[in-house]
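Here are my notes on the model you sent. Please read them with the structure open.

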Amino acid sequence: MIQFILLISRQGKVRLAKWYTPFSGKDKSKAVREISNMVIGRMGKLCNFLEWRDYKIVWRRYASLYFVAGIDKTDNELISLEIVHHFVESLDRYFGHVCEFDLIFNFQKAYYILDEVILAGELQESSKRTVIKLFNQQEILLDTEKAET
């Protein structure tokens, strides 16, 4: 099960964070600091898996962002890496060559897409086409509500 998802810039700033298990605010900030230091400081040719506390950290770098997932020690790292890749492809399909600015200025859309892909730490939808279709339907619904008011 995925315990948390973090999107971290190369400068160490968190662009998106979703926690599926309860952490206190202090623990979250400490975890983000430790994980970002480990991931950003790691050489590019080394593997994308680390053990941290009671979790495995799985990440992949796309352009200027690190997509990081904290998973249980018993989970398969490659499946988790594929889930992260699926989330990136869903973002890319919606935004068209997703970049850090898309996530900064449209963070609510990024969270919605994440919620369509992963629910309670488990893969909810494996079809990118379905994720984007559901997201577009949600946008149409929001646009009609705005037009009515």
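**Notes on the predicted model**

1. Charge. The chain carries 21 positive and 20 negative side chains. The centres of the two sets lie 8 Å apart. Keep in mind that this is a predicted model.

2. Fold layout. The chain has five helices and seven strands. Read from the N terminus, the order of elements is β-β-α-β-β-β-α-α-α-β-β-α.

3. Overall dimensions. The radius of gyration is 16 Å, which agrees with the value near 15 Å that a compact globule of 149 residues would have. Along the principal axes, the C-alpha atoms fill a box of roughly 50 × 30 × 30 Å.

4. Burial and surface. Of the 149 residues, 39% are buried.

5. Contact range. Take the contacts between residues at least 6 apart in sequence: 48% of them join residues at least 24 apart.

6. Main core. The largest nonpolar core holds 26 residues. Ile 5, Phe 67, Phe 87, Leu 91 and Ile 118 touch the most other members. Elements giving two or more residues to this core include strand 1 (2-9), strand 5 (65-72) and helix 5 (128-148). Helix 2 gives the largest share, seven residues. In soluble globular proteins, nonpolar side chains tend to be buried together.

7. Ile 5. What does Ile 5 contact beyond its neighbours within four places in sequence? The partners are Leu 16, Ala 17, Lys 18, Tyr 20, Val 68, Ala 69, Leu 114 and Ile 118.

8. Second core. A separate core has 16 residues, among them Trp 19, Ile 35, Ile 57 and Tyr 66.

Terms used:
Residues numbered from 1 in each chain as written. Predicted model: local features only at pLDDT ≥ 70, side-chain atom pairs only at ≥ 80, totals over all residues. Heavy atoms only, no water. Core = buried A, V, L, I, M, F, W, Y, C linked by side-chain atoms within 4.5 Å. Buried < 20%, exposed > 50% of the residue type's maximum accessible area, 1.4 Å probe, protein only. Helix = DSSP H or I, 4+ residues; strand = E, 2+ residues; numbered from the N terminus. Contact = heavy atoms within 4.5 Å. Rg over C-alpha atoms; globule rule 2.2 N^0.38 Å. Lys, Arg positive; Asp, Glu negative; His and termini not counted. Charge placed at Lys NZ, Arg CZ, Asp CG, Glu CD.
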